[in-house]
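Here is a short report on one protein model. Please keep the sequence and the structure in view while reading.

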Amino acid sequence: MAALVNYGGNDDICPGPFYSNPTDSSLLLSFGQKADFYRPPCKRSRVTAPLIFRAGEKVIDEKKLPRSIDTLPDECLFEILRRLPGDKERSNSACVSKHWLMLVSSIRSSELAACNKACVESVKHPSPYLNNDVIVDEQKSENNGYLTRCLDAEEATDIRLASIALGTCSRGGLGKLAIRGSNSTRVTDVGLSAIAHGCPSLRVLSMWKVPFITDVGLSEIAHGCPLLEKLDLCQCPLISDKGLIAVAQKCPNLTSLSIKSCSRIGNEGLQAIGRCCPKLKSVTINDCLQVGDKGIASLVSSASSSLERIKLRTLNISDIALAVIGHYGKNVIDLSLTELQDVNEKGFWVMGNTHGLQKLKSISITCCRGLTDKALQAIAKGSPFLKQLFVRKSCYLSDAGLIAFAGTAKALESLHLEDCNQITLMGILDALLKCNAELKSLSLVRCLGIKDISFECSQLPSCMSLRSLTIQDCPGVTSASIQVVGKICPRLQNIDLSGQVGVTDESLIPLIKHSEVGFVEINLTGCVNVTDDLVIMLVKVHGSSLKMLNLHGCRKITDRSLLAITESCSVLDDLDLSSCSVSDYGVALLASARQLNLHILSLASCAQVTLNSLPFLGNLGLSIMGLNLQDCSLISTHGLRLLEEKLWWCDIIS
């Protein structure tokens, strides 16, 4: 017996000891020094002995063997994952791998319905499963679309979109999604489909520069997000009428549509939107060369159309489209027309004389050669409630048209003329004589025809209603014209004279003295001849009402002006001293003024502001929200970091 127990075996058959694992030595019971007895195991032991292979067989590495869960086909995994009891469990399972993430995100809401119904039935007939209460709570969770997500450039990937779809479904639901890509953005229909499957509450979708999104992805959004209200497409070259038709058919709640630089979208898509979207209120179409008169006419002339805002730019439309807008745009309140080269004077004239734009309140016309004196007068006649007129880059509009328009538009409140070189100062003055008592704002930007003229005081109009005046980059306007403004507009509150290098202290003093109300906003950007004397006088007279003062580029402004500001201004919250000759002493004065509660302060390109001003800037208080220290070469990077730590709530630009 002892020989049998002590027999170690033949080395030719199985090398090694009787037990290869030292931990298995417990199988032998020792009763003495020379006597051992064998006890059979009560539990099956793990096989640790080396495997014996026949000749020609390959040795398989256990580490390289796939896990059993990975050997399942996607169909089986799909069925398992869609039967998970709630959103939380599905989100957790998506963390296993990218493969599982994309698989879970491909599950539609309708494919979960049967499983959810089964869960509800199990609640009605309780089972020993202890987590039934948790399942009931998750099924009651609402998905109202409270969350907003925005992906920029490299962040925009299919994996990120799938993560958003799963991560937001159990946290209130995704309501707004913006994808701001680039030419290298790799977002495809797969990622957009994940959003469609997991975010049925989506109401706003914006996609800019996504070159790989096609009609398939947009169709998935249409089918999975029926609550969609706003759609913004910009530079989506693979989206065509097919995708837009799907949105029209599946998203009846659409209220806003914006299409920019989408070369494959044409009339058919817009016709479908006009037929199927009765709640549409706003349409913006830019640089879509396949859009013509038929598409625009269908949108506006639809029987159920309730359009309120129309913006058209760089389209191949003619006078027909404008005639349809003028006839059927009964609900339009805001109209913008830009770079419509095929629209002639006849189109604008018909649009005004059809008298369909009765509710129009604001119109903007830019770079349209069809806008003439006759056309502008027709628009005024057809829009009795017009309050705002914006005209930019008009070569054919003259004083006669402006005067006729001013006499007809009785409700006009705001007039903006930009790059209208046929307009003169005499035309502006005559228009002010014709205007009603409602005109509150006048803006003249780069109007080269406006120049100083000689006239008698008896010829000057009186415009008591004007509250805001903007004269920017009009080189013909000098001191004489500014003095006239002060006499005819005594109730001005906001003045913008940006770029008027001919403005001096002498020209602005009458404007300040003749004011019957306090100035609120004054912009003197680029007025290089303005000095401290003017600022001191300004803040003494209007310091109690002045809220914004912009002295950008006024190099003659020094610390004297800042001393006057700290003594006289009590409600000033926006001060721009960029490129001025202020120093650390002036900064210290601003910081020590207790009555000042500045929200925005700009000291960009102030060469005399040094590192010594940082302690004073740190004491500006909790009211400061924006601080511009760009191009302050005497302030070190380390000092800026310390300032950022102290003013952690403030947005510091350096």
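Which residue forms a salt bridge with glutamate 438, and how far apart are the closest N and O atoms? The partner is lysine 440, and the closest N and O atoms lie 3.6 Å apart. Glutamate 438 is partly exposed, with a relative accessible area of 36%. Lysine 440 also counts as partly exposed, at 36% relative accessibility.

**Overall picture**

The model is predicted. The protein has 654 residues, and 48% of them count as buried. Its secondary structure comes to 24 helices and 22 strands. Among contacts with a separation of 6 or more, 80% are between residues 24 or more positions apart. The protein exposes about 32,900 Å². Carbon and sulfur atoms supply 55% of that area.

**Salt bridges**

Side chains of opposite charge can pair when their charged atoms come close. The whole structure holds nine salt bridges.

| Pair | N to O distance | Relative accessible area of each residue |
| Arginine 309 and glutamate 308 | 3.7 Å | arginine 309: 37%; glutamate 308: 25% |
| Glutamate 438 and lysine 440 | 3.6 Å | glutamate 438: 36%; lysine 440: 36% |
| Arginine 560 and aspartate 533 | 3.4 Å | arginine 560: 46%; aspartate 533: 48% |

Arginine 309 and glutamate 308 meet through their side chains. Arginine 309 is partly exposed, at 37% relative accessibility. Glutamate 308 is partly exposed too, at 25%.

Arginine 560 and aspartate 533 also meet in a salt bridge. This pair links distant parts of the chain, 27 residues apart. Arginine 560 sits in helix α21 (residues 559-568), and aspartate 533 in helix α20 (residues 532-542). Is arginine 560 buried or partly exposed? Arginine 560 counts as partly exposed, because its relative accessibility is 46%. Aspartate 533 is likewise partly exposed, with a relative accessible area of 48%.

**Helix α24**

Which residues of helix α24 (residues 637-646) are buried? They are Gly639, Leu640 and Leu643. Seen down the axis of α24, these buried residues fall within an arc of 100 degrees, so they line one face of the helix. On the other side of α24, the exposed residues are Thr637, His638, Arg641 and Glu645.

**Cysteine 276**

Cysteine 276 is found in helix α11, which spans residues 267-276. How exposed is cysteine 276? Cysteine 276 is partly exposed, because its relative accessible area is 27%, and buried would mean under 20%.

Leaving aside residues up to four places away in sequence, cysteine 276 touches Ala248 and Pro252. Isoleucine 245 is 31 residues from cysteine 276 along the chain. The C-alpha atoms of cysteine 276 and isoleucine 245 are separated by 9.1 Å.

Methods. Residues numbered from 1 in each chain as written. Predicted model: local features only at pLDDT ≥ 70, side-chain atom pairs only at ≥ 80, totals over all residues. Heavy atoms only, no water. Helix = DSSP H or I, 4+ residues; strand = E, 2+ residues; numbered from the N terminus. Buried < 20%, exposed > 50% of the residue type's maximum accessible area, 1.4 Å probe, protein only. Contact = heavy atoms within 4.5 Å. Areas by Shrake-Rupley, 256 points an atom, 1.4 Å probe, with all protein chains shown as cover. Arc of directions from axis to C-beta. Salt bridge = Lys/Arg side-chain N within 4 Å of Asp/Glu carboxyl O.
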